Amino acid sequence: MIEFFKKKKKTNPEKKIKARTINFDVANQRLKARNRQLEAVNQQLVSEREELKKRYADLDTFKDLVQELGSSLKTAKVLQTLIKALEKILPESASFVYAIPSPDPGRPSNLIYIHSRAALGEKYLDCVKDNIASSFDLLPAPVKRKEELAKWIHGKFIFEFIEGTQDNKDAKRPLSSFNVPFVVRDEVLGAINISSSEPNLFTEKDINLVHTMADAAASTISRLRRLLQSEQSRIASLVESLSNGVIMFDLDQRVTLSNTAAQKMTGLPERGFYLSEFTKLFKENFDKKVAGVLRSGELFHIEEAVLSRFAYEIFIVSVMDHEKKIIGGAIILHDITYAKEKTDILKEAKAKDEAVFASIGEGLIITDDQGNIVQVNEAFEKLLGWRAKEVIGKKMLDVAQKVDENGEIIPLVKRSLSRVLSGEISVGKVSSIVKTHSYIRRDKSKFPVMGVVTPIKFNNKILGAVQVFRDITNELEIDKTKTEFVSVASHQLRTPLGSMRWYLEMILNGDMGKINKKTKEALEQVYESNTRIIGLVKDLLDIARIEQGRFKSQPEYVEIIGIIEEAIREIALEAEKKNVVIDFNRGKGAKLNV
C-alpha cells in the first residue's frame, strides 16, 4: 500500500473572519430586502382582502335588497328597503332624499321623503330639491315623463322625515351630492338624492353601486305600478258593474272613483272632488262618522237618508291593503225608495189587519207547527183571562185546558189542534151544541165553547194553525128554552089532535049516523092528515129527546109504496087544477121496505 501526503498551506485567520463577515452582511441585506418585499405583498393582500370583504358585504347587501324588493308590494316599502341597504354601504353622514309620485292608494303624491341621521335645514332641502330637478332636466330626450316630473318637482311639496328631523336654523348646505333617477324602459319614475355636508365623501364605486341598486328598485316600482294599474282597472270594472252606488275615497277624503250608479244618484262627477261635496247633499251630517271609519275601521250604517225624493240606505266602510292598514274608504248607496214605498204599504196593510184581527168578536189564536201561540186577539184575552204577552210562545194546549160534558180533561192527543197539526184531520171542530166541551179559564172557571181549527199550509206543508172559538153559554140556554118549548107544545098539541082523530073515527065508523060517499071520502083525507100531524108532533118530541140525550133509536121496516100513493092523493086536486098528470106504476106484487 502506497500513501501520498499533500503538504497543507498556511492560512490567515483574520482574513478568513473578515470574509465571513462580509458574506453575512450581504445575506442580511438580502434578507431585509426580502422581508420588505414580503411585508409589501402582505399589506397588498390585506388591502385586497379588506376590499374583497367589502365587495362581498356589498354583494350580500345587494342580494338582500333584491330579495326584499321581490316581496315588496308597496312603493314606499320598496324605497325604504333601498334606503336601508344604502345605509349599510355609505358613510353615516349621508342623507337620502327621494322624490317619486306615490301610486300607492291612500298616500298623497306631493310628498318628498327624507332619511337623515342629522337634522337638516330649509336651505339644505331646497338645494337637494333643485339638484333632483336638474337630474330630470339632464335626462336624454327619449326618456318619457321627464318634463312632467320636472314640473312636478317645482310644485308645492311636503317634506316628510322618515328618519331625522327638520331644523330650519341649520344653515348647512350639501357639499357632496349626486342624484340617481329611477328609469325603467325609457320612462323616469322619480329620483333619489344622496348628499352630505362633508366634502368629497362619495367614491366612484359608491356611485356605481347606488346606481345598480336603484335600477333594481326602479324595476320593482315599475312592476308594482303595472300590478296596481291592473288591480285598479279590475276594481273599477267591478265597481262599475254594481247596481248600487259606490264612491271610493283616500285618507284625505278625496274621491278616487265613483261608479255610474253613484253619479246618477248624486249628480257628482266620477272623481276629483272631496267627500264633503257628497255629504252636504244630505240633511244628516256624517262627516265625523267618515273620519271615525278611517280612524277605527268600523262599519257605519245609515238606515235611511233622503236625497231629493229618493231614499237611500248608506254603508260607510274602510278599505285596507294586504297589511290590514287603512288606505281609504268606500260609501255604498242602496236605493230603498221602492222598497220603502212597499214597506209603507205593507205597514198600512198590517195595521189594518191588526185592527180587523183585534175587532173580531170571537177568540182567535194563531200557532206555529209545534202548537206554540204566535198571536191572539182581545177576545181571547177576555174569554180566557190571559194577557197576550203572557201566552205568546206558550203551547195553546197548556194555556187552555178543555173538558168534556162530564168534566173530564180531554187528552192532548185528542184535542182538535193536535190532530190538525199532525195532519190526522184537515179541519177540527172544537165542540158542538149536541156534544159540548168547555175551556177552563185562568181563574179555573169554565165556559162552554164552540169553534173550529184549520191548518196553515204552504207547499202542502203545515206551518201552523188558526183556531176560532166562542162562548156558547147563551146559545145553550136559548137551545134549552127552545127544546122545552117544543116539548111542551108537542104535548099540548097531542091532546086536541088525539080528540080530533077519535071523533073522525066515530064518524067514519057510522057511530054518529050515516054519511054519503063524497063526505066520507073527504073525512078520510082529513083523518089521514090528522094522522100525519100526530106523527109530526111525535117527531118533534123525538127531536127534543135527542137534544136532551134521552132518545133511543128503534129502527123498523116501513112499506114506502103506500107512503108514495098517499102523497100522490094529497096533491091530486092541485095537480088536476093545473092539468098535471101524475102517473105512478107500482107493478104487480111490488113491495119496497126501507
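Reader: Which residue forms a salt bridge with Lys 172, and how far apart are the closest N and O atoms?
Author: Before I answer, please keep in mind that this is a predicted model. The partner of Lys 172 is Asp 170, and the closest N and O atoms of the two are 2.4 Å apart.

Reader: And is Asp 170 buried or exposed?
Author: Asp 170 counts as buried, because its relative accessibility is 15% and the cut-off for buried is under 20%. Lys 172, on the other hand, has a relative accessibility of 38%, so this residue counts as partly exposed.

Reader: How many salt bridges does the count come to?
Author: The count comes to 11 salt bridges. One of them is formed by Glu 528 and Arg 569, with the closest N and O atoms 3.9 Å apart.

Reader: Where do Glu 528 and Arg 569 lie?
Author: Glu 528 belongs to helix α15, which covers residues 517–548, while Arg 569 belongs to helix α16, residues 560–577, so this pair ties together parts that are 41 residues apart in sequence. Glu 528 is partly exposed at a relative accessible area of 25%, and Arg 569 is partly exposed too, with 43% relative accessibility.

Reader: What about Glu 574, which side chain does that one meet in a salt bridge?
Author: The side chain of Glu 574 meets that of Lys 578, at 4.0 Å from N to O. Elsewhere, salt bridges with shared partners join Glu 362, Arg 470 and Glu 475 into one network.

Reader: Changing topic, which residues form a nonpolar patch on the surface?
Author: That patch is made of Trp 502, Tyr 503 and Met 512, which together have about 370 Å² of accessible area. Of these, Tyr 503 is found in helix α14, residues 473–508, and Tyr 503 counts as partly exposed because its relative accessible area is 45%.

Reader: One more helix, please: what should α3 span, and how far apart are its end C-alpha atoms?
Author: Helix α3 has 16 residues, 122–137, and at 1.5 Å a residue it should span 22 Å; the end C-alpha atoms are 23 Å apart, which agrees.

Reader: Which residues in α3 are buried?
Author: The buried residues of α3 include Tyr 124, Leu 125, Val 128, Ile 132 and Phe 136.

Terms used
Residues are numbered from 1 along each chain as its sequence is written. This is a predicted model: local features need pLDDT of at least 70, side-chain atom pairs count only at pLDDT 80 or more; totals for chains, interfaces and linings use all residues. Side-chain values use heavy atoms; hydrogens and water are left out. Helices (H or I, at least four residues) and strands (E, at least two) are DSSP runs, numbered from the N terminus. The expected span of a helix is 1.5 Å times one less than its number of residues. Buried means under 20% relative accessible area, exposed over 50%, partly exposed in between (1.4 Å probe, protein chains only). Patches are made of residues with over 30% relative accessible area and no salt bridge: like charges are joined within 9 Å, nonpolar side chains (Val, Leu, Ile, Met, Phe, Trp, Tyr) within 5 Å. Accessible areas come from the Shrake-Rupley method with a 1.4 Å probe; for residues, only the protein chains shown count as cover.
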